[in-house]
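Please study the sequence and the structure shown below before reading further.

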Amino acid sequence: MMNQSNEYKEKMNKIQKEVDQAIERMFQNGEFQRFLEVTSKFPKYSLNNIIMIVSQNPDATLVMGYKKWQELGRQVQKGEKAIKIFAPLFRKESLPKIDPKTQEPIFDEKGNPVMEKREILYGFKLVNVFDISQTKGKELFNIHKLIQEDLKEDHHIQSLYKNFMHYLNKKIEVKEEILENPNVKGYYNPIKHHIRINASVENTSMKFKTLIHEYAHSLLHHKESDMKNLPRGHMEAQAEAVAFIVSKYYGLDTEAYSSGYIATWSKDIKLAKQAMKEIQHVANGVIREIDELMRDRMKEISKLYEKSDEKEMKTSKEKTSLSLER
């Protein structure tokens with residue numbers, strides 16, 4: 001068992017070194033934007049898995065295992081090379097039950113701890129996945145792409161912007177104001193802990209992206225944060241990266257990532273990884289919050305798609321019937 005454990009550690013250490021080398025190459029080759037683009041497609045993946053995907057297939061958009069694709073009516077095409085990513089390993093263990101309120105163990109009448117079976121993460125393994133571009137078969141319903149199309153319409157992005165601002169006001173004061181400097185789209189004040197968006201900006205998508213940028217600052221650089229004293233360039237790089245990922249995820253137009261500060265991260269792989277983890281964590285959280293706000297709209301779009309699909313199938317069957325009658 002010890003030998004297996006040592007073998008596992010050696011294997012994981014070797015893979016981790018390969019991941020670190022991929023990160024170093026990414027910074028040296030100026031491909032940080034590529035990392036952000038892939039992260040926008042897989043916001044809920046771990047940093048290591050995103051780096052694995054970037055280094056093996058940077059154009060990937062949707063990855064799954066061989067059997068999962070078959071279950072969805074698609075087949076991996078012959079000769080396609082698998083993308084290797086990490087999958088978590090769990091085992092069930094009997095552990096003391098914890099009171100959700102006190103976070104203390106629960107005891108029975110005899111003073112013995114109440115035990116329960118819980119799944120415990122004990123490691124990772126490499127698994128093979130394939131991108132949708134490597135498969136063929138049944139067309140998949142993609143709510144994400146439909147939402148992106150939906151948000152291209154002015155009234156939908158305006159609605160999302162207003163709803164997100166209303167939601168944020170429950171946690172932090174957010175207001176639109178005409179700012180003295182017309183070139184300033186918005187700002188976050190860490191002392192007063194509030195966000196201001198320049199009301200003179202007419203483009204709603206731009207105001208939405210600015211709101212995400214300043215919200216990222218409020219999450220990462222508030223006055224109680226361990227990161228509040230980071231160099232300004234570092235903080236701007238983080239907030240800009242979060243705004244890029246979230247905007248890209250929702251299909252909004254994004255300018256090329258422009259923060260020159262990230263070049264300094266290439267000199268310190270540990271600092272680079274930490275910054276990337278923080279960016280990904282915040283972007284993931286913001287996407288989850290916005291998705292929750294859009295839940296009703298997603299259901300509405302799904303129903304419209306289902307009705308359209310049913311109508312299309314009915315029309316196709318009628319055409320087939322007429323063809324047979326002839």
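Helix α6 (residues 154-168) and helix α9 (residues 269-293) have axes that come within 10 Å and cross at roughly 115 degrees. Because of this angle, α6 is roughly perpendicular to α9; the angle classes are roughly parallel under 35 degrees, roughly antiparallel over 145, roughly perpendicular from 65 to 115, and oblique for the rest. Axes here are lines fitted to C-alpha atoms, for helices over the stretch in contact, and angles between N-to-C directions run from 0 to 180 degrees. Helices (H or I, at least four residues) and strands (E, at least two) are DSSP runs numbered from the N terminus.

This is a predicted model, in which local features need pLDDT of at least 70 and side-chain atom pairs count only at pLDDT 80 or more, while totals for chains, interfaces and linings use all residues. Residues are numbered from 1 along each chain as its sequence is written, and side-chain values use heavy atoms, with hydrogens and water left out.

The crossing of α6 past α9 is right-handed; a crossing has this name if the near helix is turned clockwise from the far one by less than a right angle, and is left-handed if anticlockwise. Leu-160, Asn-163, Phe-164 and Tyr-167 of α6 meet Val-286, Glu-289, Ile-290 and Leu-293 of α9, where contact means heavy atoms within 4.5 Å. Six nonpolar residues, one polar and one charged make up this contact of α6 with α9. In this scheme Ala, Val, Leu, Ile, Met, Phe, Trp, Tyr, Cys and Pro count as nonpolar, Asp, Glu, Lys and Arg as charged, and the others, Gly among them, as polar.

Another pair is formed by helix α2 (residues 32-41) and helix α3 (residues 47-56), which pack at an angle of about 115 degrees with their axes 10 Å apart. The angle therefore makes α2 roughly perpendicular to α3. On the α2 side, the contact is made by Arg-34, Phe-35, Val-38 and Thr-39, and on the α3 side by Leu-47, Ile-50, Ile-51, Ile-53 and Val-54. Seven of these contact residues are nonpolar, one is polar and one is charged.

Helices α7 and α8 pack at an angle of about 130 degrees, and their axes lie 8 Å apart. For that reason α7 is oblique to α8. The crossing of α7 past α8 is right-handed. Among the residues that meet are His-213 and Leu-220 in α7 and Glu-236 and Glu-240 in α8.

The second largest pocket also involves these helices: β7 (186-189), α7 (204-220) and α8 each give two or more residues to its lining. A pocket is found on a 1 Å grid over the protein atoms alone, as an open set of points where a 1.4 Å probe fits, with protein on both sides within 12 Å along at least five of seven lines; lining residues have an atom within 4 Å of a point. Of the 27 lining residues of the second largest pocket, Thr-210, His-213, Glu-214, Glu-236 and Glu-240 lie nearest its centre. Helix α8 supplies the largest share of this lining, seven residues.

The largest pocket is lined by 29 residues, with Lys-41, Thr-61, Leu-62, Asn-142 and His-144 nearest its centre. Its lining has 15 nonpolar, five polar and nine charged residues, and the largest share, five residues, comes from α5.
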